[in-house]
Amino acid sequence: MAVEILKEKNRSAVQELVLGATSENGGTRTKTITVGGDSALPFHQFEGATPNRPVVAMEVQDIKPEWNDAVLKYFADVADKPGAWAKKCVEEYGADLIYLKLDGAHPDGANRSVEQCVATVKEVLAAVGVPLIVVGCENEEKDHEVMTAVAEAAAGENLLLGFAETDNYKSLTAACMVHKHNIIARSPLDINMCKQLNILISEMNLALNRIVIDPSIGGLGYGIEYAYSILERARLGALQGDKMLSMPIIATVGFEAWKTKEAGASEADYPEWGPQEERGIMWESTTASALLQAGAHILLMRHPKSVEIVKKQIEQLMVSNAY
Amino acid sequence: MITCSVTFLPDNITVSVEKGKTIAEAAQIAGIKLKMPCGGEGSCGKCAVKVMSNRVSDNVEISLDQKFEQVLACQTEVSEDVTVEVPVNARLGEHQVLLSAEDDNALGTFAFEPLCWKVTITLSPPSINENASDWIRLKGELGKIVGDEEVIIGLPLLTNLAHMLRDASWQVTVTLLQQDGYVEVIDLQPGANDEPIYGLAIDIGTTTVVVYLVDLCSGKVLDRNGTYNKQAVYGDDVIARIIHSQEKNGLQELQDAVVNTIDELTNQLLKKTRIEGTGVKAITIAANTIMTHLFLGLDPKYIRLEPYIPTTSQFPAVKATEVGLRSVPNANIYCMPSVGSYVGGDIVAGVLYTGISQKDELTLFIDIGTNGEIVLGNKEWLISCACSAGPAFEGSGITCGMRAMHGAIERIQITPGTYETRYETVEDGKPTGICGSGLIDCIAKLHHVGLLDRAGRFTADTQDTNRIRNNEEGKEFVISWEKEAGVDNDIVITEGDIQNLIRSKGAIFAGIRCLLNSLQIDMEIVDKFYIAGGFGNYLNINDAIEIGLLPDLPHEKYQFVGNTSVKGAYMTLISRSALKAAVEIGRKMTYMELSVGNEFMDEFVSALFLPHTDLSLFPSVQSN
Ligand code: FES
């Protein structure tokens, strides 16, 4: 007798979202990237479609970052040249897209001007053909100026801009609407707050398929199980037809993984932990793969080797398991 | 027949009426409900409207406002086409329930039989054949009155008895007091004495204290008084108070604070009514478990620690002097029994007053105070839970918040576009602050006109209207300018206040959801919702739903019942059977602890939104 296999039927799917614009659509990208669209739990291809593979964005900063040497050494030649840095990520390390963080704008740091920030964005746009994710320096007032200017200067490029938060989402949302970009809605590891922010942004009339959610994550060993369950709840919500939870998910993997003690501590301090670089790579790629399983769509990463491992894993996960 | 058209603003409704009809009659045709407490006699002045154009022939004219002619709608006949503006305070609020009127019929099915009462008895003198002692002779007669219960007397009164009986020709007036299981003689007066005796019904809230002065002979409430609980200086909520009670002298300070609050309120009442404090014989107190502990000087320490155990939930009767009440030295005090550590005598009083435990209907009772307590049940069963809502709805911890007293803004309208405000205050006083119902109204209206997003942040900027401005911590909205207010500052609501209120309403709503979820009961099958709390004269159900404080259900299901804690205390003061019923309610009710598991937290966060993260729970609000 044939065994009847029970399959979960889902009412709805994750929103599909396009990043970047080619010349036909008023941009200068050589390719665009589509994320989301899943109509099943992550990689449950036997229950629904996973039309677009998760993507990896490599992180580039506008000033030389204070990163761990195990990562920074790969970019030593380009760390103060964002354009060249981005180009290296794409051409040498296979980044699907570039995540440009304008940390240098921070008033307590390098305090780069709005014009300088805009110039950096243009430099990176000119250097690579992949779509761009651009975020500010996380100073509310400065970001308001910088991101508004970036949105305007890059009108038509269909960027992904961050970060909108509950207390501070209006100006970025307005900029995204006027200049036709997408927004990252960031909430503090709580499914309700994640949903609330999406409602607030959509009530300003930004289309739902222009929002990506960053529900905040923790690195491996630092609360990743919370992140896992939030991502899972968001996906279940999306599949059950909750439009306000149906956006693709972005995860700040590199940032979280590399700030852990396990990734950053030197071998001299912890000989029993083994070689530091290998540890860091494993920490970053394991964090990424757990979140992939939970339903992340865009992974923001740093180390070339971790990127390689995760991209390979994505490829394998995308092999159809439908039956 | 000549007809005239009457246009009402700001509704912009025009109706035609026969010439000679009054504006009030025209308003009725237009469906505009005016306040007419004197019934159209022209004596209350509540129905005043502004004539914006044309003349009307008026019998009475008052000129409170120089710009327009103000006339009494009930007295003014329409003689030609006219436009009138109906001010907010001339309108009857939707869902307006007045408090004081209800007390008259508070007893419901319970008999009027005060806790303390007087009887005059004439004894037959003893003889050689009938030689029972004086007390047995008196006790025998009293027994006929009190029935089965034992009657006792203390030594001080006995010392006088022999002489008094003989001097007054065997006639004596006895003051009796119901105690738990027996009746005590607390006073003896020679002859027939009809001096009145009095009682107090008291609600000790975490934030406010309310006292009713009651004539025990008639059962009438002679006057009411309320103020903030002086314990507030030791912290806003019960947890802070418990912490303070553990400090050196802390427990004594807390007891003194609440006793002083009661003394102060009582002295004011006694002075006003010219009654001697010694005439007050009985007091009933309804309070949450912690307030009752602190009032009696019981250490509440273990209420806060798992597994949350109070010293007692049935409290002994005490004498006023034992707790240090000076205003009423002869009074005997009863505290309403509690259910658990976090559901106290105030809730038992509320259940008693609303009669939930006598009805077939499934009823949800919510008492919105510093603690939000919720009771669900009917005559078969009662289950309760509590959540910490904070004192915001009682006007505490809010920039311009205040108790619902003279001058408190309790209703607000905001004009879309211009953001001009109009408001109603308690007793039509000059505005001095905002009370709970005004705060609820304010948030609903701010969201309605688009000034507030669903997270409770102002969407508008200072350049959009001069009513929005920046303060140290964000933005604020000016409800009433200093020049129109009865205080030396603008009356504002700040973003911080709004966050505070959203947390309060979120806690209440989450509590309701958790209680119903745990019993797997749908909101829809609850027949009746009673809402209690010291909001003001009324609570606008529409607004309360709009901000997500109450579930989105048909308005008929709701009834606002005001401060049921003091009303329940009052019932037990004037009815011994009501007191017995209260004890029974306390025993019958079960308590559910919300802090077990994550559900409450999850529900709470999803309720921190206007009206709620799950908009599908509020279909009527969405369609607005
Ligand atoms: S109704 Fe009383 S004055 Fe008009």
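Accessible areas here come from the Shrake-Rupley method with a 1.4 Å probe, and for residues only the protein chains shown count as cover. On that basis, chain B has an accessible surface of about 25,400 Å², and 48% of it belongs to carbon and sulfur atoms. This is a predicted model, in which local features need pLDDT of at least 70, side-chain atom pairs count only at pLDDT 80 or more, and totals for chains, interfaces and linings use all residues. Residues are numbered from 1 along each chain as its sequence is written, chains are lettered from A and ligands numbered from 1 in the order in which they are written, and side-chain values use heavy atoms, with hydrogens and water left out.

**Chain B as a whole**

- Chain B holds 17 helices and 30 strands; these are DSSP runs numbered from the N terminus, with helices being H or I of at least four residues and strands being E of at least two.
- Along the principal axes, the C-alpha atoms of chain B fill a box of roughly 95 × 65 × 50 Å.
- Of its 624 residues, 58% count as buried (buried means under 20% relative accessible area, exposed over 50%, and partly exposed in between, with a 1.4 Å probe and protein chains only).
- Take the contacts in chain B (heavy atoms within 4.5 Å) between residues at least 6 apart in sequence: 67% of them join residues at least 24 apart.
- Chain B carries 50 positive and 81 negative charges, and their mean positions are 3 Å apart. Lys and Arg count as positive and Asp and Glu as negative, while His and the chain ends are not counted; each charge is placed at NZ of Lys, CZ of Arg, CG of Asp or CD of Glu.

**Two buried residues to look up**

- Thr363(B) sits in strand β19 (residues 363–368) and counts as buried because its relative accessibility is 0%.
- A polar atom of the Thr363(B) side chain lies 3.4 Å from the backbone oxygen of Glu361(B).
- Leaving out residues up to four places away in sequence, Thr363(B) touches Ile356(B), Val375(B), Leu376(B), Gly377(B), Val526(B), Lys528(B) and Tyr530(B).
- Leu352(B) belongs to helix α10 (residues 345–354) and is buried, with a relative accessible area of 3%.
- Beyond its neighbours within four places in sequence, Leu352(B) has contacts that include Phe110(B), Met571(B), Thr572(B) and Ile585(B). Leu352(B) and Thr572(B) are 220 residues apart in sequence, yet 9.0 Å apart in space from C-alpha to C-alpha.

**Backbone features worth a check**

- In chain A, the peptide bond from Gly162(A) to Phe163(A) is cis, with omega near -10°; Phe163(A) lies in strand β6 (residues 160–164).
- In chain B, the bond from Leu610(B) to Pro611(B) is cis, also with omega near -10°. Pro611(B) is in the loop between α16 (599–606) and α17 (619–622).
- Ser169(B), in the loop between α4 (155–167) and β11 (171–179), has a positive phi of about 50° although it is not a glycine. With a relative accessible area of 55%, Ser169(B) is exposed.
- Trp170(B), in the loop between α4 and β11, has a positive phi near 70° and is likewise a residue other than glycine. Trp170(B) counts as buried, at 11% relative accessibility.

Methods:
Polar contact = N/O pair within 3.5 Å; in protein donor to acceptor, adjacent residues only side chain to side chain.
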